[in-house]
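Please look over the sequence and the structure shown here. The paragraphs that follow go through the parts in turn.

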Amino acid sequence: MLSAADFDPETLARVAAELATEVGRRIREMRDVGVGVAATKASRSDVVTDADRRAEQLIAERLEQVRPQDGILGEEGASSESSSGITWVVDPIDGTVNYLYGLPGYAVSIAATVSSGAEARGSAPPAGTTSDGRRAIAGAVYVPVTDELYVAHEGGGATLNGEPIRVSTETELELALVATGFGYTTERRTEQAQVVRQLIPRVRDVRRMGAASVDLCSVASGRLDAYYERGLHPWDYAAGALIAREAGAAILALGDDELPGESMLIVGPPKLAASLRDAVRDAYAGLA
Ligand code: IPD
Ligand code: CA
């Protein structure tokens, strides 16, 4: 029998934080021993390492021990139904290409999500619901190389290594440092390059650092002013978008009536996020 405590976002955030830290430390140790490509996915450049698979397996095993009624959805295929209503959305290594090359920008991302159920009720989905129909209520992103742990739970604010964080105070798009990312297929990248080409004269500068979860946390801590990307999967953004939201960011889609998610995620302090959305809309509208 599940009790209210089983749904307590603060407790879930603690589970996410402990697990992300444990697994993050483990993948860093694995990297020191060596790393190799185990398989490719959407294209030859979309790689999976042994560490991705082992890390996801470890996360699934631990969750099975401590939260047996919960479901899991993992980037490397972990999938189980939830009987509690909570599903853990997991990216065992976000920034796998950084990991492969020994660049520091990779992370473990773990979020506890609930299904909005809005469709069944015929009502508007609650704030924070993304286009996959879920809402993250707790999450953690751990960056092993810098030993940085970002944590948030719904309504509780966001922290970096235990200290509260806030989005930047920037309001002007032309002064904004904006990050983005690129998908793995040629078609998607070609389109994304054309969009960046139109945006870059309108902002302070653009960064492409290679891990969506870390980009979202960087918006949360003010290290970046804003971020946008098309084509993300729920495991890329579930924890990071909650952390950004709890740090004061608006999470927007391209269209007014759409939910943010795979088709577009635009994140930043509310006024700036709205301006970035206009600019990204213009850029997509300007595509041939
Ligand atoms: C990728 C990273 C990257 C983003 C891609 C994601 P992966 O995840 O988050 O920054 O631009 O869209 O697929 O493959 O490293 O887990
Ligand atoms: Ca990812």
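Domain bounds, as used here, come from an automatic or database domain assignment. The model is a predicted one. In this model the protein is divided into domain 1, residues 4-164, and domain 2, residues 173-285. How far apart do the C-alpha centres of domain 1 and domain 2 lie? The distance between these centres is 20 Å. The two domains are in contact, and the contact takes 46 residues from domain 1 and 27 residues from domain 2.

Next comes the metal site. The calcium ion, ligand 2, has three aspartates as its protein donors: Asp91, Asp94 and Asp236. Each of them is listed with its OD atom as the donor, and the donors lie 2.1 to 2.4 Å from the ion. Along the chain, the donors of this calcium ion follow the spacing D-x2-D-x141-D. Are aspartate 91 and aspartate 94 buried or exposed? Buried means under 20% relative accessible area. Aspartate 91 has a relative accessible area of 0%, so aspartate 91 is buried. Aspartate 94 has 6% relative accessibility, and therefore aspartate 94 counts as buried too.

The same cut-off can be applied to a residue in a helix. Leucine 58 lies in helix H2, which runs over residues 50-66. Leucine 58 counts as buried because its relative accessibility is 11%. Which residues does leucine 58 touch, if residues up to four places away in sequence are not counted? They are Glu22, Val23 and Arg26.

The largest cavity has a volume of about 40 Å³. Its lining is made up of Thr180, Gly181, Phe182, Gln192, Val195, Val196, Tyr228, Glu229, Arg230 and Tyr284. Two elements give two or more residues to this lining, namely helix H5 (186-199) and strand E13 (226-229). Which element gives the most to the lining of the largest cavity? Helix H5 does, with 3 residues. By type, the residues of the lining divide into 5 nonpolar, 3 polar and 2 charged.

Note on methods:
Residues numbered from 1 in each chain as written. Chains lettered and ligands numbered in written order. Predicted model: local features only at pLDDT ≥ 70, side-chain atom pairs only at ≥ 80, totals over all residues. Heavy atoms only, no water. Donors = N, O, S within 2.8 Å, 3.2 Å for Na, K, Ca; no water. Buried < 20%, exposed > 50% of the residue type's maximum accessible area, 1.4 Å probe, protein only. Helix = DSSP H or I, 4+ residues; strand = E, 2+ residues; numbered from the N terminus. Contact = heavy atoms within 4.5 Å. 1 Å grid on protein atoms, 1.4 Å probe; cavity = no way out; pocket = protein on both sides within 12 Å on 5 of 7 lines; lining within 4 Å. Points joined across faces, edges and corners; volume = space filled by probe spheres on them. Nonpolar A, V, L, I, M, F, W, Y, C, P; charged D, E, K, R; others polar.
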